[in-house]
Amino acid sequence: MADRAGTAGADNARGRARRTHAPDPASEPLVRLDGIVKRFGDSTALDRLTLDIYPGEFFALLGPSGCGKSTLLRLLAGFETPSEGRVLLAGDDIGHVPPYRRPVNMMFQSYALFPHLTVAEMLALVKLEEFARRKPDRLSGGERQRVALARSLAKRPKVLLLDEPLAALDKKLRQRTQYELMDLQERLGTTFVIVTHDQEEAMTVADRIAVMSRGRLVQVGAPSEVYEQPNSRYVAEFVGDVNLVEGRLASSGPAGSVIESRAGRLASTQQVDAVPGATVWMALRPEKLRLAAGPPGDAGENCARGTVLDIGYLGSLSVYQVALDNGTVMRAAVANATRLIEQPIGRDDRVWLSWTSQAGVVLTR
Ligand SMILES: Nc1ncnc2c1ncn2[C@@H]1O[C@H](COP(=O)(O)OP(=O)(O)O)[C@@H](O)[C@H]1O
Ligand SMILES: [Mg+2]
């Protein structure tokens, strides 16, 4: 992708020392999807989709149900052939190579197990040595999942495809298994492509995420890029919670932009690629808003007055729904850094929301 330069920095931002197999921007892509179209009768499941995946990447396909994630995976596995376009693996066109001749394997959502699995090395890899003699029906959901994983890795594929592998697990087990998957992928150095509709899962496990909508890629980037620099309202809303404030672009230049909106004048340090007068949206994540009983120091712009409608207590943070005096509602997340049970700001209180000129992203679509 054109903006892969941002990936390494974004990885560092994740504050982890993992990623010994982090994609090397100079390397050749392992998987290249080139102008892929997939039609089923009259409907188009994949629409001119172009994507590179690099050796050793943990890549996530994220999108709502029906957007074409499984179809894309099945094309990589060889269970579907493209209507148009090419599927390349290490530079070779594999569009018409049958699944069993591809160095690619798919772990299915269902637990299709061989009853006589004896791949001890693979079992050790997924921490299941002690289960080697057990029958599949004596395994828990999570254990079956790991056996299925071991099985799909037994032939040492170059690419492992995972279609919603953790969907059947409860939340705690799912989170644990996510970290195990990351650990396994890192130790093997195998390229993993995972399909999920769960944005937290994609953000947790993946080096890069492709956000899909209706058979197309809307944005491809590191989790932090997709979250902090969404390229559209669609991505901003699909990945995390966001306040979208609609307005008109008053001016834009290298020093930043100004938007006139119902929430007043909004100033951003971002230069916006649109003509003055164009409709734009300021995307503000709830955790980037400041909530206070009084007005901010500079109340001229980037602030709005309102009344607390509701407070959602989530333990680690509280989400304040604030009905602005202009009639719109915004959500502000406040970290519960102390153990105070009494909230200093309560329901029906008059409050001010404010944010810095770097807090939001101005979107043109
Ligand atoms: N074998 C098929 N025949 C007809 N339509 C299909 C077939 N497979 C998928 N589709 C359609 O293609 C679209 C994408 O499906 P899919 O890739 O399964 O989405 P996702 O995995 O993102 O939920 C859907 O509209 C689905 O109904
Ligand atoms: Mg699917």
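Glu228 and Lys288 join their side chains in a salt bridge at 3.1 Å, N to O; the term means a side-chain nitrogen of Lys or Arg within 4 Å of a carboxyl oxygen of Asp or Glu. Glu228 belongs to helix H7 (residues 223-228), while Lys288 sits in the loop between strand S14 (279-284) and strand S15 (290-292), so the pair ties together parts that are 60 residues apart in sequence. Helices (H or I, at least four residues) and strands (E, at least two) are DSSP runs, numbered from the N terminus.

This is a predicted model, in which local features need pLDDT of at least 70 and side-chain atom pairs count only at pLDDT 80 or more, whereas totals for chains, interfaces and linings use all residues. Residues are numbered from 1 along each chain as its sequence is written, chains are lettered from A and ligands numbered from 1 in the order in which they are written, and side-chain values use heavy atoms, with hydrogens and water left out.

Across the whole structure, the search finds 19 salt bridges. Here are three of them:

| Pair | Distance, N to O |
|---|---|
| Glu228 and Lys288 | 3.1 Å |
| Glu260 and Arg265 | 3.6 Å |
| Arg174 and Glu201 | 3.9 Å |

Now for accessibility, where buried means under 20% relative accessible area, exposed over 50%, and partly exposed in between (1.4 Å probe, protein chains only). Glu201 is buried at 3%. Glu228 is partly exposed at 35%, and Lys288 is partly exposed at 27%. Glu260 is partly exposed at 39%, as is Arg265 at 38%.

Finally, a network of salt bridges links Lys38, Arg74 and Glu80.
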